[in-house]
Amino acid sequence: MSLITTLASSAAKAARELALIDTQTKNQVLKAMAQALLAENDNILKANEEDLLAARSAGLSEAMLDRLTLTPERIAAMASGIETIVELDDPVGQRRELGRRPNGIQISKLRVPLGVVCMIYEARPNVTADAAALCFKSGNAVILRGGKEALNSSLAIAKVLHKVLQEFKLPTALISVVPDPDRALMLELLQQRDYIDLVIPRGGEGLINFVSDNSKIPVIQHFKGVCHLYVDRDADVEKALNLLLNGKTQRTGVCNALEGLLVHKDIAKVWLPIAAQALADKGVKINADEKAAPFFDQATVLTEEEFGQEYLSLEIAVRQVDSLADAMKHIARFGSHHTEVICTESQQAAQQFQQGVDASVVMVNASSRFSDGSELGLGAEIGIATTKLHAYGPMGLESLTTEKFLVNGTGQTRD
């Protein structure tokens, strides 16, 4: 067998073994993994520095470098994410009764692991630990195929996790890292439908399209994050400014950062000058429609077709709208089904926005930066689905399981 087939078949075998392990044991392993990551901090950072040197030499963007960079704080966050997963309820084994049929058979559903999950990602070495922990707790084996820019970091993290698995006499194939970033191997990986149950790509739109076009395995899709803040006519001025600055400038190279700002015409004259000054102070480049552009010193005027860009930098598109309905129409056309935010003191407007906007996360008076598995109580997330099968939004433990029917009878036969 080839390297990839061996990797996939070994993962499938390991997943069957993991499915028999109880929650208490899984939690003990996860606690040990969190502690091991902290203990091996220096070795992980050393491997990450090798990746960063190569990435800088290759001219990677600041957004990519930010995603690639590990720090003691980010490693601590990885460990903390695993500890959070320990505290979460284990979905595996949860039983849901559906009742007794007229013929006497009893129907229920049992939550079970998917089996083998394949993660394909770019410059996000933290995904290695996050995905490994989520898959392990939910009873799945995971195959991790990172980009070449994060390979040293991913292998260093996996080495730490493998050591813990060995200490508990568990197969290291539960957490596999593809050691070669050759795209031909990724193509082969996407053909392993006999062994792999789900593919989750995380990265740029080009990567998602490539995986979706070439996979014979179901794919969770998340093409991009074009997130908007809509400042309603009844918005609190200070709240709106804080949501804008946090969503746009706190961390620009992530998918839950704001890329669009929509402002109701009735509040624009009061609020936009304040927002313009605050954005200028942060060095944010402004692209705006003809109505909003005069509020800014140096705004690039956008045509209708130029909205909907994912900037991943200190840049934002601004539009003045006549109504809540117009804001929702703009989001329907230019949003990416990721995260949409309304700032308003009107309960009616908030309810209408949350019910009418088609996005995986719809927020009222809260920063788009909270659209994250850990912030939403899932522990670390394995990905974000912006299509609706089989998950929508940040994916945690439950999204890595499915349900099977259990039918119990006393000898009934069908007429």
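The model is predicted, so local features need pLDDT of at least 70 and side-chain atom pairs count only at pLDDT 80 or more, while totals for chains, interfaces and linings use all residues. Residues are numbered from 1 along each chain as its sequence is written, and side-chain values use heavy atoms, with hydrogens and water left out. Helices (H or I, at least four residues) and strands (E, at least two) are DSSP runs, numbered from the N terminus.

Helix α7 is a handy place to start. Two packed helices are described by the angle between their axes and the distance between the axes. Here, axes are lines fitted to C-alpha atoms, for helices over the stretch in contact, and angles run from 0 to 180 degrees between N-to-C directions. Helix α2 (residues 23-39) packs on α7 (residues 151-167) at about 140°, with the two axes 9 Å apart. That makes α2 oblique to α7, given that angles under 35 degrees count as roughly parallel, over 145 as roughly antiparallel, 65 to 115 as roughly perpendicular and the rest as oblique. The α2/α7 crossing is right-handed; a crossing gets that label if the near helix is turned clockwise from the far one by less than a right angle, and is left-handed if anticlockwise. On the α2 side, the contact (heavy atoms within 4.5 Å) is made by Val 29, Ala 32, Met 33, Ala 36 and Leu 37, and on the α7 side by Ile 157, Val 160, Leu 161, Val 164 and Leu 165. By class, the α2/α7 contact has 10 nonpolar, no polar and no charged residues, where Ala, Val, Leu, Ile, Met, Phe, Trp, Tyr, Cys and Pro count as nonpolar, Asp, Glu, Lys and Arg as charged, and the others, Gly among them, as polar.

Helix α7 also meets α3 (residues 41-57), with axes that come within 7 Å and cross at roughly 160°. The two helices, α3 and α7, are therefore roughly antiparallel to each other, and their crossing is right-handed. From α3 come Ile 44, Ala 47, Asn 48, Glu 50 and Asp 51, and from α7 come Leu 151, Asn 152, Ser 153, Ala 156, Ile 157 and Val 160. The α3/α7 contact divides into six nonpolar, three polar and two charged residues.

Next up is α10 (residues 237-249), whose 13 residues reach 18 Å from first C-alpha to last, close to the 18 Å expected at 1.5 Å a residue. The expected span is 1.5 Å times one less than the number of residues. Buried here means under 20% relative accessible area, exposed over 50%, and partly exposed in between (1.4 Å probe, protein chains only). In α10 the buried residues are Ala 240, Leu 241, Leu 243, Leu 244, Leu 245, Gly 247 and Lys 248. They pack against β7 (227-231), β8 (258-264), α11 (265-281), β11 (315-321) and β12 (339-343). With α11, the α10 axis comes within 11 Å and crosses at roughly 35°, again in a right-handed sense. In that pairing Val 237, Ala 240, Leu 241, Leu 244 and Leu 245 of α10 meet Trp 271, Ile 274, Ala 275, Ala 278 and Leu 279 of α11. The α10/α11 contact has 10 nonpolar, no polar and no charged residues.

Helix α6 (residues 126-137) is mostly covered, with 11 of its 12 residues buried. Among the buried ones are Asp 130, Phe 136 and Lys 137. Just after α6, Gly 139 takes a positive phi of about 85°.

That leads on to the backbone. Most residues other than glycine have a negative phi, and most peptide bonds are trans. Lys 169, not a glycine, has a positive phi of about 60°; Lys 169 lies in the loop between α7 and β5 (175-177) and is exposed, at 72% relative accessible area. Asn 365 likewise has a positive phi, about 55°, although it is not a glycine, and lies in the loop between β13 (361-364) and β14. Asn 365 is partly exposed, at 28%. A cis peptide bond, with omega about -5°, joins Leu 389 and His 390, and His 390 sits in the loop between β14 (383-385) and β15 (393-395).
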